[in-house]
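Hi,

Here is the structure I promised to hand over. Please have a look at it first, and then read on for what turned up in it.

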Amino acid sequence: MTTVITGATGLLGRLVIEQLLTQGVPPDQIVAGGRSIARLTDLTARGVDVRHIDYDAPETLRSAFSGAQQVLLISGSEVGRRLPQHRAVIEAAVAAEVSLIAYTSILRAPTSAIPLAVEHKATEEMLAAAGVPHVLLRNGWYVENYTGQLAGALERGVILGSAGDGRISAATRADFAAAAAAVLTSGNHVGAGYELAGDDSFTMTEFAAEVSRQSGTTVAYVDLPQAEYAAALREVGLPETFADILAESDAQVRNGELFDDGGQLNRLIGRPTTTLTDAVAAGLQALTPPRP
């Protein structure tokens, strides 16, 4: 069964492919698709079928999906442009008569007040309208959204936000990749909508405390009003619209939009999700230069 992984040049897509290979999926049954296939040459050497995929170029989708039975549609990274991009992917998959589309959505997309959920909800509706067999992987927040910013936090001694004491049930990209691989390699998941989140939750104050404990450097979480946090994001170079979206998303954490204790991710991957302690340790380790 040939499976196409879109967005294979991204961090999540690459991890899904590694999961599939680890589980024994023959490499010639995996299609790794992305805009810059030069970044996928190592996969070619391992026997993976590498094909050019550009969400903005439908002809590349039709070619990439030829002969495929499954497609993992990893949501596009260009907020505000994702609906036409996702529509092109769905139409190409329908034309290829695939037996399954798995889509990486967002936690509780149909009801979420997080601005980023708007395009995800609309994509889920497009999948339903298209009549193609599909499964929804409603991913919560990546813990790397926070651990990826540790260098700046350690330098400044503060983490800014507008999340208040809201709890975040984050998981690692590797956890979410394992869920995608599980859906693509096991059982009948057609029609399912999985709410995927970490086993444990944390507040941003607790996150800062864990960073402080492990690093030996005091890092404090400073909670700001939403407008002030948006201004701070603009000051570090984020475009105004995206800064506003992130600030609003952070503010919705206060209302529990990123908390989930259903345990569906744990059950789907058959193991506990990565702990905050281990995730912070990995983030700090990534800052350490390799020894000569």
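How many bridges join strand 1 to strand 4, and do they run parallel or antiparallel? Three bridges join strand 1 (residues 3-5) to strand 4 (residues 70-73), and the two run parallel.

Before the rest, a word on conventions. This is a predicted model, where local features need pLDDT of at least 70 and side-chain atom pairs count only at pLDDT 80 or more, while totals for chains, interfaces and linings use all residues. Residues are numbered from 1 along each chain as its sequence is written, and side-chain values use heavy atoms, with hydrogens and water left out. Helices (H or I, at least four residues) and strands (E, at least two) are DSSP runs numbered from the N terminus.

Seven strands form an open sheet in the order 3-2-1-4-5-6-8, with parallel pairing; two strands pair if DSSP finds at least two bridges between them. Strand 3 (49-52) and strand 8 (193-196) stand at the edges with a single partner strand each, so one side of each has no neighbour in the sheet. On average, neighbouring strands of this sheet are turned by 20 degrees against each other, direction ignored. Helix 5 (residues 117-130) packs on the sheet, where it touches strand 5 (100-106) and strand 6 (134-139), and its direction makes about 160 degrees with that of strand 5. For such angles, axes are lines fitted to C-alpha atoms, for helices over the stretch in contact, and the angles run from 0 to 180 degrees between N-to-C directions. Contact, or touching, means heavy atoms within 4.5 Å.

Strand 4 is also joined to strand 5, by four bridges, and these two run parallel. Across this pairing, Gln 70 stands opposite Leu 100, and Leu 72 stands opposite Ala 102. Both strands are covered on both faces. In strand 4, Gln 70 and Leu 72 on one side and Val 71 and Leu 73 on the other are all buried. Here buried means under 20% relative accessible area, exposed over 50%, and partly exposed in between (1.4 Å probe, protein chains only). In strand 5, seven of the seven residues are buried, so the strand is largely enclosed by the rest of the structure.

**The cores**

Nonpolar side chains tend to be buried together in soluble globular proteins. A nonpolar core, as used here, is a set of buried Ala, Val, Leu, Ile, Met, Phe, Trp, Tyr and Cys residues joined through side-chain atoms within 4.5 Å. The largest has 59 residues, and Ile 5, Val 16, Phe 65 and Leu 72 have the most contacts inside it. Helix 8 gives the largest share of this core, nine residues. Another core lies apart from it, with 27 residues, among them Trp 141, Ile 159, Met 204 and Leu 284. Leaving out residues up to four places away in sequence, Leu 72 touches several residues, including Ile 5, Val 16, Ala 102 and Leu 184.

- Gly 13 lies in helix 1 (residues 11-22) and is buried, with a relative accessible area of 1%. Gly 13 and Ile 74 are 61 residues apart in sequence but 7.2 Å apart in space, C-alpha to C-alpha.
- Thr 9 sits in the loop between strand 1 and helix 1. Thr 9 counts as partly exposed because its relative accessibility is 22%. Beyond four places in sequence, Thr 9 touches Gly 33, Gly 34, Ser 36, Arg 39 and Leu 40.
- Asn 139 is in strand 6 and is buried, at 6% relative accessible area.
- Ser 162 is in the loop between strand 7 (158-161) and helix 8 (173-185). Ser 162 is buried, with a relative accessible area of 1%. Its contacts beyond four places in sequence include Tyr 221, Asp 223, Asp 250 and Arg 254.

Happy to hear your thoughts!
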